[in-house]
Amino acid sequence: MIGVERGAAVEQDVWAQAVAFTRERSPASFDQWFSGIQFDGLADGVLSLRARDEFVREWVDQHFLPTLTDHVRSQTGWSVQVAWTVGGVVDSPVSSHPHVEPVRPKPLSLRPEMAYGVLDRAPVTPRAPAPPPAPIEGLNPKYTFANFVVGPSNQLAHAASIAAAGGGGPRHNPLFLCGGTGLGKTHLVHAVAHRLRLERPEARILYVSAEKFINEFVQALQDHKMNEFRARYREKCDLLLVDDIQFLASKTQTQEEFFHAFNALHQADKQIIITSDKYPQQLERMEERLVSRFTSGLVADIQAPELETRVAIVRKKAQLEHLDVPDDVVLAIAQTVRSNVRELEGTLIRIAAKASLMGRAVTVDFAKGEIFAASNARPNEASVEDIQRVVCHHFKLRTADLLSKDRHKSIAFARHVAMYLCKQRLKCSFPELGRAFGNRDHTTVMSAVRKVEGLRGADPEVRAHLEAIERKLGAAD
Ligand code: ADP
Ligand code: MG
C-alpha cells in the first residue's frame with residue numbers, strides 16, 4: 001500500500017480534480033450549492049465536508065456527491081466515505097476556490113514516484129489536459145470502476161481487479177475471475193483496462209474474448225501470419241484480458257497456443273486476467289497444465305449480489321441513465337430480480353421506458369404491474385432446460401441422455417431436435433447452446449440446427465414430431 005506516501009497535497013489535488021470534474025457539468029448550480037459547503041480534508045478514503053445546514057447537505061449529498069466520490073474513487077481506488085459536519089461556520093466555501101481545469105482521472109497516488117512528485121509541488125496545481133490515449137478495441141466505456149457497485153458478493157474480485165490495475169494491494173498474476181452469467185466479470189476486466197489506459201497510456205492492453213482469440217488464431221494459421229499473432233500475444237502486450245475462457249474447451253490447438261502466450265507474458269511479469277463462468281477445476285476439456293496455470297495466482301469468484309447491493313446497483317444505473325426512479329420502486333425491482341445483474345438493469349430500463357412512453361409516473365404500483373406482467377410473460381419464454389425436458393418427455397429419454405456422448409441414432413436425433421428448438425425459441429448463441437448440451441462444440445450445434453431445418457421441410461414424420469413438441473412448449477412468439 002502507498003497510503004503513507006499520500007500527503008495533504010496529493011489529497012488536495014485529488015479533491016480539486018474531483019471538484020473540477022463535477023463542476024464542469026453544471027457550473028452555475030454547482031457554485032450555488034457549494035457556496036454552502038466547505039472541504040475539511042480527505043484522508044484514507046474519508047472525505048470530510050461541512051455543510052451550512054441540513055438542506056444544503058441533503059441536496060449536495062443527493063445531486064453532487066455520487067459524481068464527486070466516484071471521481072475520487074476512480075483516481076485513488078479508495079471506496080470513499082463522506083463524513084459530514086452540519087452547521088457551524090462555512091468560512092471557506094468550495095465555490096470560492098480557484099477552479100482547476102478538469103482532467104480525466106490521473107495516476108496520482110497510484111504510482112509512488114508520481115505521488116512524491118506531486119508532494120513537492122504547491123497544492124491545487126492546474127494541469128494541461130493530457131491527450132486522450134488511443135481507444136482499446138472491444139471495450140464498453142461505461143464499464144468503469146466508478147460505475148461498479150461493490151458489495152460482499154464481489155468485493156474480492158473488485159479489490160483484486162483494482163490491484164491488478166496497479167491501484168494498490170497485493171497483485172496476483174494471473175487473476176482468475178469466475179461467476180455466473182451477468183454478475184459483472186466483463187465489467188470488471190473492462191474497468192481494469194480503462195484504469196490502466198488512463199494511468200499508463202503507453203501500456204499495451206489486449207482485451208479478447210476466448211472466441212475471438214480462437215478466430216484470430218485460426219485466421220493467422222490460414223494467412224500464414226503466425227509470427228505476427230505470436231508477437232502480438234507474447235511480446236507486444238503488457239496487460240492481457242481474456243474473457244470467457246470456457247470457450248477454449250476442446251480447442252486443443254488454440255489451448256496450446258494460449259499456453260505459450262500465457263507463459264511468455266507471465267515470465268515477463270505482465271498481468272493476465274481471465275474470466276470464466278466456472279472455477280478452473282470445473283472447466284471441461286481444458287488441458288490440465290492450463291488449469292493449473294489458472295489456479296496459480298488468485299481465483300476470485302463473484303456471487304449473486306444480496307439485496308443491499310442490488311438496491312445500490314439499480315440506483316447507480318438509474319443515475320447513469322438519468323432516470324428519476326423513486327426509492328420504493330428501486331427496492332421493488334431489487335427484491336424481484338435476484339440472480340442476474342443484467343436482468344436487474346433490463347427491468348429498470350424497461351419500466352422507465354414504458355412509463356415514459358405512456359406518460360405515466362414511475363410509481364411503485366406501476367413498476368410492480370410491469371414486473372408482474374413480465375414474470376407472467378415468461379412461461380412462454382422457456383429455458384434450455386425446459387426445452388430439453390419436453391423433448392425428452394416426448395421421445396421418452398432422460399435429460400442425461402441428451403447431454404451424454406451417446407451417439408445412438410434415436411438419442412442423437414432427439415438431441416438435434418432439442419438444439420434446433422432452443423435456437424428457434426431462445427436468444428442463445430451457438431456456443432452457449434453447445435455448453436448447455438454437455439459442453440459440445442458450437443459447430444456441432446450449428447450443423448444439428450441446419451439438419452433439423454432441412455428435415456422439417458423434407459420429412460413429414462420429423463415435422464409431426466416437431467409440431468407435437470411445439471404444442472407442448474406453447475406457441476412461440
Ligand atoms: P458477466 O460478464 O459476468 O456475464 P457483465 O460484466 O456483462 O457480466 O455484467 C452484466 C451487466 O451487469 C453489465 O451491464 C454490468 O454493467 C452490470 N453489472 C454487473 N455487476 C455490477 C455491479 N456490481 N455494479 C454495477 N453494474 C454491474
Ligand atoms: Mg461477460
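Me: How many helices and strands are there in the chain?

Reply: The chain has 21 helices and eight strands. Please keep in mind that this is a predicted model.

Me: What share of the 477 residues in the chain is buried?

Reply: Buried residues account for 49% of the 477. As for the surface, the chain exposes about 23,200 Å², and carbon and sulfur atoms supply 53% of that area.

Me: Of the contacts between residues at least 6 apart in sequence, what percentage join residues at least 24 apart?

Reply: The figure for this chain is 74%.

Me: Which residues have the most contacts inside the largest nonpolar core?

Reply: The general idea comes first. In soluble globular proteins, nonpolar side chains tend to be buried together. In this structure the largest nonpolar core has 47 residues, and Leu175, Leu177, Leu241, Ile273 and Ile333 have the most contacts inside it. Helix H7, residues 185–199, contributes the most to this core, with six residues. There is also a second, separate core of 30 residues, which includes Tyr233, Leu240, Leu265 and Ile272.

Me: With which residues is Leu177 in contact, leaving aside its neighbours within four places in sequence?

Reply: Among them are Lys185, Leu188, Val189, Ile273 and Ala300.

Me: Is Val329 buried or exposed?

Reply: A residue counts as buried when its relative accessible area is under 20%. Val329 has a value of 0%, and therefore it is buried. Val329 lies in helix H13, which spans residues 327–336. Leaving aside neighbours within four places in sequence, Val329 is in contact with Val362, Thr363, Val364 and Ala367.

Me: How many residues surround ligand 1, and which are the closest?

Reply: Ligand 1 is surrounded by 18 residues, the closest being Gly182, Lys185, Thr186, His187 and Glu345. By class, this shell has six nonpolar, eight polar and four charged residues. Helices H7, H12 (307–320) and H14 (341–358) each supply at least two residues of the shell.

Me: Which polar side-chain atom lies 2.6 Å from an oxygen atom of ligand 1?

Reply: That atom belongs to Glu345. A polar side-chain atom of Arg342 lies 2.9 Å from an oxygen atom of ligand 1. On its own, ligand 1 has 560 Å² of accessible area, of which the protein covers 95%.

Technical notes:
Residues numbered from 1 in each chain as written. Chains lettered and ligands numbered in written order. Predicted model: local features only at pLDDT ≥ 70, side-chain atom pairs only at ≥ 80, totals over all residues. Heavy atoms only, no water. Core = buried A, V, L, I, M, F, W, Y, C linked by side-chain atoms within 4.5 Å. Buried < 20%, exposed > 50% of the residue type's maximum accessible area, 1.4 Å probe, protein only. Helix = DSSP H or I, 4+ residues; strand = E, 2+ residues; numbered from the N terminus. Contact = heavy atoms within 4.5 Å. Near = heavy atom within 4 Å. Polar contact = N/O pair within 3.5 Å; in protein donor to acceptor, adjacent residues only side chain to side chain. Areas by Shrake-Rupley, 256 points an atom, 1.4 Å probe, with all protein chains shown as cover. Nonpolar A, V, L, I, M, F, W, Y, C, P; charged D, E, K, R; others polar.
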